[in-house]
Each structure stands twice: as C-alpha cells, then as structure tokens.
Amino acid sequence: MSARIRSIGTANPKRLITRDEWLAIADRISPPEVDRAVLARLANRSEIDTRACAVFESDDECFYRAGEVPSTAERMAIWSVAARTMSLEACVKALAGAAITPGEVTHIITASCTGFESPGIDAHLIASLGLARTVQRLNVGFMGCHAAVNALAAARNAVLANPAAIVLVCCAEVPSAHFHHTARLDQLVANTLFADGAAAVVVTRGHDSASPELAATHTTLIADTANQMRWTIGNRGFEMTLGARVPDVLEREVGAWVRTALAESGLAITDIASWAIHPGGPRVIDAVLAALALPPDAGAPSRAILRDYGNMSSATLLFILERLHATRAPRPWVGLAFGPGLVGEMVIMR
C-alpha cells in the first residue's frame, strides 16, 4: 500500500483577463515613467493569454487607484477573502472527486505565501466544509512557488505513518494582492507573470493504479543563490526580487540534482514519461528542459497552464498535475518547482 493522489480540485477568481486587458491594467498601475512599449514586450514574452486576479473582479478595479499604493494590511484583507473563497471551492471539488466525505478527513495541510492570518485558511475550511474539529492541521507558510511539493511530502508522510489517514491538501495564492507601482524591472516582470488560483488534493493509502502514487520527494538548496530570488514583507505589500541569472542557475544546477534524485528510486531521466515543470516564466521552462536535455514537448503541459492561468505560485504545479491526470498522461511523472533560496523541490509519481 502506498500514498496516492485520489483527486485534485482547482479554483480561480471568476473573471478572466485577456492579455490586452492585462496590458491596459499594467499601464494604469505602473508609474508614468514606465514606457507602455516595455509593458507590452513583457506581456508578450510572458506567453500568458488569460489569467484571473481577485483584485480586478469588479469592473471599477478600485483596489489599485491611480497614484495610491495599498498598504500591507489592505492587501491582506483582499488575500483573506479571495483565498478563503477559492480554497473552499477547490476542496469541495477534490473531496467530491475522491468520493470522500468531510467527516472522513483526518489531516488538513494548507499552503500560501501571499498572505497570513490566524485563525487561517485551515480553520476556515474546517468550519465551512464540516471537517472534524479534531482534524490534525499543518500550514506551510511563505515557502513560495514550490510549497505544493512540501505539502505533498507532509501528506505522504502522514499517510505512510498512519494507514487510516485521509489528508486534504490545499494551496491558495492571491499574488494579485501584491502588484506594485514601480519602475523596477524585476517587479514589473513579477506583476506580469503572477495571477491567482487555488488547488486541493486528497491523499490516502491505496493500491489503485489509476491514482498516481507519491513515490518520493526530494529537495535542494542551491549554494550562493540567495540573492537571485527573494520574497519579503514590506510596508506596501510583499516584495519580489528576481535576479536575471535565475534561468542560467537552473540550467547549470538542475540536471545533476535531478539525475541523482531519480537514481535513488532506480530511475533515469529517460524513464520519466511526463513532466510537470513549475512555469516561473517561459525562460524557467526552457532552462529546465535544457538542463535535462528534454524535447520541447516535455514542457507542453506547463506552458499550457501558464498560457491559460499565469503563474499562480504554489497552486500552479497542482494545476499541471490535474491536467496530466485529466489527459491520462503516461507515468512516471516528475514535478519540479523552484522558489526563494534558490530552492528546488521535486516529486516523483508512479
């Protein structure tokens, strides 16, 4: 008996924003000195066609008023409403897909790097779903885009330690609460790439081969790269620092790490049938494909999610896994995601 993903549910804010609509928004929330042509190039290079952002749910788009920069507290209020709404929808879908009733859930694991409050999303889901008040809780906070792997690793450990465990994992992210009024290129890039979403997973023990097995997880903290990506809390929201060398670092470092990790499971890169690469941007996908000497079509599921939804931070990898499952992509699968550190996280699914 092994730890298996029984189902995945996803959710987004209801209003989809096209690339042209995003460009108009980006122009409005950027300072006057930012050339619209720069914003257009960034939008086109992002390869994002549509995205959903909670802060633009209403037509007046009043959260980012011209000349005003929301406080961190105001941004947390937006995060709280949107994260709660999306997480509940995603969890309802995941539980229904697994044919699990709320009362059967023994553990709940939540993840978000775009907001904080206590009681948090876990308490909201316990009350709203009708989970047992004795359910065991864990929050994976502020780890970044790879937190889904950390959450799945904790779920796997819980299930392997307790055969009766039924774990509900939920990643809910609202990066649109942290768009910045700035001329800094790295923050303009972050504004361009990120969008909102939530995804939930049910993990149990089982032997049904239709359900992907969480076979192993691996991590690496890449030396001397702390300045390449940072996610910090400022007085006017959370602030992303993106180094221009991130794709180069990943292309240089990822190959050896992945090969070594796969070998521990008796696998080689050529044994992996499908890949879920967190789309930190098109250049990140390109860098990972180059590092692993993979063909372009290995990145197609990741590019499809980026195109349709944008980078939803920790929820994104679960959207890709849902797409692989829905299309019956052959296994084994490998999921890869990266975040501040630089850190790489990896999950192997059979």
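Leu342 sits in the loop between β12 and β13 (343-349); helices (H or I, at least four residues) and strands (E, at least two) are DSSP runs, numbered from the N terminus. The model is predicted, so local features need pLDDT of at least 70 and side-chain atom pairs count only at pLDDT 80 or more, while totals for chains, interfaces and linings use all residues. Residues are numbered from 1 along each chain as its sequence is written, and side-chain values use heavy atoms, with hydrogens and water left out.

**Backbone geometry in loops**

- The peptide bond from Gly341 to Leu342 is cis, and its omega is near -20°.
- Another cis peptide bond runs from Arg331 to Pro332, with omega near 5°; Pro332 belongs to the loop between α10 (316-326) and β12 (333-339).
- Glu47, a residue other than glycine, has a positive phi near 65° and is located in the loop between α2 and β3 (50-52).

**Domains**

- The protein chain is assigned domain 1 (2-206) and domain 2 (214-349), with bounds from an automatic or database domain assignment.
- The C-alpha centres of domain 1 and domain 2 are 18 Å apart.
- Domain 1 gives 55 residues to the contact and domain 2 gives 45 residues, where contact means heavy atoms within 4.5 Å.

**Largest pocket**

- The largest pocket holds about 630 Å³ of space. A pocket is an open set of points on a 1 Å grid over the protein atoms alone, where a 1.4 Å probe fits, with protein on both sides within 12 Å along at least five of seven lines; lining residues have an atom within 4 Å of a point. Grid points are joined across faces, edges and corners, and the volume is the space filled by probe spheres set on the points.
- Of the 26 lining residues, Val189, Leu193, Leu242, Gly280 and Arg283 are the closest to the centre of the largest pocket.
- The largest pocket lies between domain 1 and domain 2, because both give residues to its lining.
- At least two lining residues come from each of α2 (36-46), α6 (185-193), β10 (237-242), α7 (246-264) and α8, and α6 supplies the largest share, 5 residues.
- The lining comprises 16 nonpolar, 7 polar and 3 charged residues; Ala, Val, Leu, Ile, Met, Phe, Trp, Tyr, Cys and Pro count as nonpolar, Asp, Glu, Lys and Arg as charged, and the others, Gly among them, as polar.
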